[in-house]
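This report describes selected packing features of a single protein chain. The sequence and coordinates come first, followed by the description.

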Amino acid sequence: MSSRLGEVLVNQGLLQPDQLQVALRHQQKNGGRLGTTLTEMGYVSDLTIAQALSKQYDVPSVNLKQTEVDPDLINLVPVNLAIRYQIVPLQRVGTILTVAITDPTNIMALDEIKFMTGLRVEPVIASEGDIREAIEKHYGDEQSLELQRVYDELAADVDEYELELSQEEDVDLSELAKSSSEAPIIKLVNLVLAEAIRKGASDIHIEPYEKEFRIRYRIDGALFVHMDPPPKFKDAMTSRIKIMANLDISERRLPQDGRIKMRISQAGRKKEIDLRVSTLPTLFGEKIVMRILDKEKLPMDFTILGFEADSLRRFETAALRPYGMILVTGPTGSGKSSTLYACLNKLNQVDVNIMTAEDPVEFNFPGINQVQTKDSVGLTFAAALRSFLRQDPDIVMVGEIRDLDTAEIAIKAAQTGHLVLSTLHTNDAPSAINRMIDMQVEPFLVANSVHLICAQRLVRRICKDCKQAVKTPPETLVELGFPPAMARKIVTYSGKGCNKCNESGYKGRIGLYEVMEISPTIREMILKRSSTDEIRKTARQEGMITLRESGLKKIGAGITTIDEVLRETAAH
């Protein structure tokens, strides 16, 4: 197209021959399309090129900025073809598909679209800039398209990255390292990481199967397939990530753990991102999971976590006490660490000595002494706690109470003038009492040391950009737990799905909280070994809001959906 486009513009008197020669030399040196080069050099405009081609080949031209693109047709032309051929489907009438294209003489492009769709293809000409904007609007943003371009580049040279390794063969380390350092592989890995950060993913899953190689992102707690590269890429990609994480690329039989530090530029400013890397040998290769640790996204303010006003008041009152124990309970991934970090951030003052034992240390904070436990060398939670008590601490956080040894030392600390924060794995706040007693902790120690227990869950927020009211029968709301009078008035919402939320209808998450103070009455019940149900009943009488009730309040406020609350809470 380069020579034809140049000749067309010169023949129509729109470009001087010497200008064409300068542009062609620039293109040969720097690459890219001639049309883009000409517009960047200021010789002609996008619109001039489109009009010239329209006149030369007697093909209609169209202004895409003023033309509606049928979204149902976008799926007819895959993004890789749209980018490669600079083409956008516009409308379909019967068996005729009209497409906007920058080069109407590209018979290969038109034939491929015809073969793929089974339709007769009729081209119209649009400017290169308009088509680029239309592709980004309907297929994805610039970073997603760059990822696709690199993917296509790799796909074209797939044989270069085929290592065909098996468990019985010797691993050619030089070949493996060489393949992982090829520029396209580096680009692909970097873009996979950058795209995950841009989309707000918390984890990246890279998964090899017998006939498939899958990359998934976990966004707002749910996994989404991001791309499916050919399986031949898996060894080179795996090796590249292991090199970045300072792991042994020759060891493919044992799990490994490492970290990657990245400095990225986002919204015009630079920031550091940590990725915690875990590799695991599977039947068809190493599965890699990378946890993205972005300190800027860590909620450090109690008011944005999702606490109801009364629950927040109870939690803050307990956190400001000089001694005693606060327990945060919930399953893995329920936001317990975020709540504890927010609490520590509030308590972190120059006159306070804060010590933490964590496995692993996810975020580091100035002014807080954080210890990474390592069971293999004997540095367990219990061992760290024993050492803490000789370090003149005011506040101690232990990542999790897993056993009697850790529980007893934590309780000793709470009873000797220290504020202790920790977590447990229980379904709700009242269950934590009997969980500790089941660990063989004496009831009188639990009753006298624990001041507050907070259970929590995370639910997805409805996307603000596609939020819409939905009809929910009042009887459904009553069954969920709403009072009948309120059920008749409440408006429920859901997300329709849009580009901003990856078509999920959800964007971001918020906590549901159940905060139980250990009142004198509940303390007596603990000493009497009352059941969990009896403790729960008394706590509710004293004003405790349950997880389900916290969810109902957020449904009523239009923050989340019924499905999310049902998924994460149980009625009591």
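Are helix 14 and helix 15 roughly parallel or roughly perpendicular to each other? The model is a predicted one. In it, helix 14 (residues 381–388) packs against helix 15 (residues 404–415) at an angle of about 20°. Angles under 35 degrees count as roughly parallel, and helix 14 and helix 15 are therefore roughly parallel to each other. Their axes are 8 Å apart, and helix 14 passes helix 15 in a left-handed crossing.

On the helix 14 side, the contact is made by Phe381, Ala382, Leu385 and Arg386. Helix 15 contributes Asp405, Thr406, Ile409 and Ala410. By residue type, this contact of helix 14 with helix 15 comprises five nonpolar, one polar and two charged residues.

Helix 14 is mostly covered, with six of its eight residues buried. The buried positions in helix 14 are Phe381, Ala382, Ala383, Ala384, Leu385 and Phe388.

Elsewhere in the chain, three strands form an open sheet in the order 1-2-3, with mixed pairing. Strand 1 (87–93) and strand 3 (120–125) are the edge strands, each pairing on one side only. From one strand to the next, the twist averages 30°. Strand 2 (residues 96–101) and strand 3 run parallel and are joined by six bridges. Leu97 has Val121 in strand 3 as its bridge partner. Strands of a sheet pair through backbone hydrogen bonds, either parallel or antiparallel.

Helix 7 (residues 128–139) lies across strand 1 and strand 2, and the angle between helix 7 and strand 1 is about 75°.

For the chain as a whole, the count is 23 helices and 18 strands. Of the 572 residues in the chain, 49% are buried. Among contacts between residues at least 6 apart in sequence, 64% join residues at least 24 apart.

Notes. Residues are numbered from 1 along each chain as its sequence is written. This is a predicted model: local features need pLDDT of at least 70, side-chain atom pairs count only at pLDDT 80 or more; totals for chains, interfaces and linings use all residues. Side-chain values use heavy atoms; hydrogens and water are left out. Two strands pair if DSSP finds at least two bridges between them. Helices (H or I, at least four residues) and strands (E, at least two) are DSSP runs, numbered from the N terminus. Axes are lines fitted to C-alpha atoms, for helices over the stretch in contact, and angles run from 0 to 180 degrees between N-to-C directions. Contact means heavy atoms within 4.5 Å. Angles under 35 degrees count as roughly parallel, over 145 as roughly antiparallel, 65 to 115 as roughly perpendicular and the rest as oblique. A crossing is left-handed if the near helix is turned anticlockwise from the far one by less than a right angle, and right-handed if clockwise. Ala, Val, Leu, Ile, Met, Phe, Trp, Tyr, Cys and Pro count as nonpolar, Asp, Glu, Lys and Arg as charged, and the others, Gly among them, as polar. Buried means under 20% relative accessible area, exposed over 50%, partly exposed in between (1.4 Å probe, protein chains only).
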